[in-house]
Amino acid sequence: MTSAPARRHAIDLDDFSGDEIEALLETAESMKEVLAREIKQVPALRGRNVVNMFYEESTRTRISFELAARALSANIVNFTARGSSVEKGESLVDTVRTLQALGADIVVMRHSQAGAPYLAAQHFRGSVINAGDGRHAHPTQALLDLFTIRERLGQVRGVQVVIVGDIVHSRVARSNLWGLTRMGAHVTLCAPPTLLGPAAYWTATWPEVRVCHRFDEALAGADVVMALRLQKERQQAGLLPSLREYTRRYGLTPERLERLGERTLIMHPGPMNEGVEIAPEAVVAPNAVIEAQVTNGVAVRMALLYRLAG
Amino acid sequence: MEAVGLELRALRSPRGNMRYLIKSGSIIDPARRVATVGDILVADGVVQHVVDLAELHAETEQPDDDVVVINARGAVVAPGFTDLHAHLREPGDEHKETVATGTLAAARGGFTTLCAMPSTRPTPDSAAAVRLLQELARRDGHVHVDVVGALTVGREGRALAELGELAEAGCIAFSDAGRPVADAALMRNAMAYAAELGLPVMAHCDDPRLSAGWAMHEGVVSTRLGLPGTPAAAEVAAVAREIALAEDTGCHLHLCQVSTAGAVALIRAARARGVHVTAEVSPHHLTLTDRWVLGSLAPRPEPAAPVNKPRRRRNPNPELSLPSWLDPALLPPYDSSTRVSPPLRSEEDVEALLEGLRDGTIDAIATGHTPQSRVEKECEYGLAAPGISALETALALVLTLVHRGELDLVDLVAKLTEGPASVLGRSPATLRPGSRADIVIFDPDRAWTVDASQFASRSRSTPLQGQRLKGQVILTMVSGRIAYRRDEGEAAGSAQPSPSRLEGILGNE
């Protein structure tokens, strides 16, 4: 096993090498074993202070990090913007400095503004883990997606992945682009033009990526379909004619499910809008791994916390 | 270190009747398209006498006792620069900037005239508010300040300001400064009204619906960083509308801070068919791209080869042989000092702006100095207020274009002097005898490192923090009085500029 150099922050997967991701996924496998035990706890991070700093509500990600930190015996506290000094106008920089002074070792951060974790990292001596910033990045989601694909298909290299939906607004899509391309998967982005933008905007950064506006074309030969949440506000903002048309053209409908066959993995980062981007039948299909993604999230986050704690 | 030999004793004597002899400078007078080596005698606030040392038998001025000699050997002497676009913030936002700090920053940047944008509070939409600003400028100003009046009441885009009264009060143009007038009918009325008054309407062109929620330019970088982008089309569409209205009303339309290739093409076409439209571009839009938002995530740029002509001069001083590019990787990713309005655009836009500047489509370089306080900048990128402190880096930043061989030094000086003067309908700034002694002396070759903590401006936000630049103002004279002189302490350890290197820049073939 090649030992990757020390890492302080995990803000996006853009600065993770393939080897480093591989090592993390292997650690996550061990962590998954720990989680399968009756006593789901190891002392690896005993005495460390982890703070969940969530400027945006996200119950599932917050709980996942909380369980991951507890399974490693870390002290974890939750900080939510609501009802805190943030509502009284405290800046992000001041908040981070305060957490620093309180003795935080690792800050897990969710924020509505892209790039906010970089600002936090500049003013924090410990580690910053990005738990989602605006449309920018959600590295632990991408890691758990890689873990799940590898677990189910044996490897990531050479796998055909279709990411479909509201890509332009999706931090999940961006982090997955880094992770999947670095691990050798073939990625197709599929969305209406209003939720994607010009193909060249994407291929300039990720040259291997294919862009396709027709879902049925994109699905041919797919090993994995990753459907993204469509916020209903997108239709109100004029980006879509109607949810009905969106579902017809880009939804994972029962008809498409049928055509896919049973070997194609169906993934969704959640939370889902059932009946919009994904049909209820697809959620419970045998090849759907949406719950496994959630389960694997805890193991992957344990692996990352462990890695940053050195 | 004798680049500027000043007698301090003389400086302390009463103002007004001071006489200065600027000796042996490389005089660039864009109004006359000349670049020569010579002496300039300044007295009573005006240029008295210019001696061209290239002329045989030229009589060198014999300095008598009451003349302060300024040795400008190896430096450029030019008419003081005019900035068409600066926000001074006083009254109303003195925590961002004051007339005193902003105009001192201007003097340090070589500017002797500033056009103050009407973003102050109270809004200069009445004669009383304009007079307050003028009074502040008289009391605290280190350089000349002209007031741009508001176009609409409170800059709210609902009702015309009393433009006639504003014109009588001395406003030199009208603008809603950074707030595009959404209502096309109101804009048309404003232009028709301003046309009759003979004053330009300065328009910041942006379609607010297209740019809603923007954090940066929409393109490859915004896509990678997940920041909401504003498309170039938001500017281009607005420019098209304003040009149509100017053509319709006969108004002089001046376009502020043009940033897109599409806008340059529209302006070029409009001028060709005789529409009275002028335009300015900022130093940062001419030199930086949206890649600067990547900061350290940006791949290091390749050193650019000289574009136009091969460099004839050799570099005798290795410490001055700088890379001809600027390095965005000195910044962290998402650094709010790269957030400006309009945003930094693409490589292609920068190329088109340069071409527009060269072919005369763009008349002037204007700093777009927009001071913001630390609180407004030290926050999340999308929440940070757009705007940077630009006056003190403007000259050195645009000189990178000269050093890269993309722009001629005389043309550059023209875009800082003659160009803005013509936009304002003034006789071109010149160093001819009898003209007001607004003079800048700068060394185009002097290397320095940008340190915002040393700025005179209250605003310290600049994407250039830590960059090595070449070209620095040595002395700025406003109406025959020294408004700024580089502290000799700052010059410690640097090599004295030599005329030989300057000749290469002047390119006098």
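Colleague: Let me start with one side chain: which residues does A:F147 touch, not counting residues up to four places away in sequence?

Modeller: Good place to begin, and keep in mind that this is a predicted model. A:F147 touches A:L25, A:A28, A:E29, A:K32, A:N296 and A:V300 once residues up to four places away in sequence are set aside. The residue belongs to helix α5 of chain A, residues 139-153.

Colleague: Is A:F147 buried or exposed?

Modeller: The cut-off for buried is under 20% relative accessible area. A:F147 has 3% relative accessibility, so this residue counts as buried. As a reminder that sequence separation and spatial distance are separate things, A:F147 and A:Y118 are 29 residues apart in sequence and 25 Å apart in space, C-alpha to C-alpha.

Colleague: A:N296 was on that contact list. Where is A:N296 found?

Modeller: A:N296 sits in helix α13 of chain A, residues 290-308. Its relative accessibility is 0%, so A:N296 is counted as buried.

Colleague: What is A:N296 in contact with, leaving aside its neighbours within four places in sequence?

Modeller: Its partners are A:K32, A:L144, A:F147, A:T148 and A:E151. For a polar side chain, it is worth looking for a polar partner too. The side chain of A:N296 makes a polar contact of 3.3 Å with the side chain of A:E151.

Colleague: Let's move to chain B. How many helices and strands are there in chain B?

Modeller: Chain B has 15 helices and 18 strands. Of its 509 residues, 59% count as buried.

Colleague: How do I read a single helix, say α5(B)? What length does α5(B) reach from its first C-alpha to its last?

Modeller: Compare the span with the expected one. Helix α5(B), residues 184-197, has 14 residues and reaches 20 Å, close to the 20 Å expected at 1.5 Å a residue. Next, look at which residues are buried: in α5(B) they are B:L186, B:M187, B:A190, B:M191 and B:A194. These residues lie on the same side of α5(B), because they cover an arc of only 135° around the axis.

Colleague: What covers the buried residues of α5(B)?

Modeller: The cover includes α4 (163-168), β9 (173-175), β10 (201-204), α7 (232-249) and β13 (253-256) of chain B. At the start of α5(B), a side-chain oxygen of B:D183 comes to within 2.9 Å of the backbone nitrogen of B:A185. Just after the helix, B:G198 takes a positive phi of about 75°.

Colleague: And how many residues of α2(B) are buried?

Modeller: For α2(B), 7 of its 10 residues are buried, so to speak a mostly covered helix. They are B:V99, B:T101, B:G102, B:T103, B:A105, B:A106 and B:A107. Their packing partners are β7 (111-116), α3 (127-140), β8 (144-150), β17 (468-478) and β18 (481-485) of chain B. Just after α2(B), B:G110 has a positive phi of about 90°.

Colleague: Which residues does B:T101 touch, not counting those up to four places away in sequence?

Modeller: B:T101 touches B:A456, B:S457 and B:R458. With 16% relative accessibility, B:T101 counts as buried.

Technical notes:
Residues numbered from 1 in each chain as written. Chains lettered and ligands numbered in written order. Predicted model: local features only at pLDDT ≥ 70, side-chain atom pairs only at ≥ 80, totals over all residues. Heavy atoms only, no water. Helix = DSSP H or I, 4+ residues; strand = E, 2+ residues; numbered from the N terminus. Expected span 1.5 Å × (residues − 1). Buried < 20%, exposed > 50% of the residue type's maximum accessible area, 1.4 Å probe, protein only. Arc of directions from axis to C-beta. Contact = heavy atoms within 4.5 Å. Polar contact = N/O pair within 3.5 Å; in protein donor to acceptor, adjacent residues only side chain to side chain.
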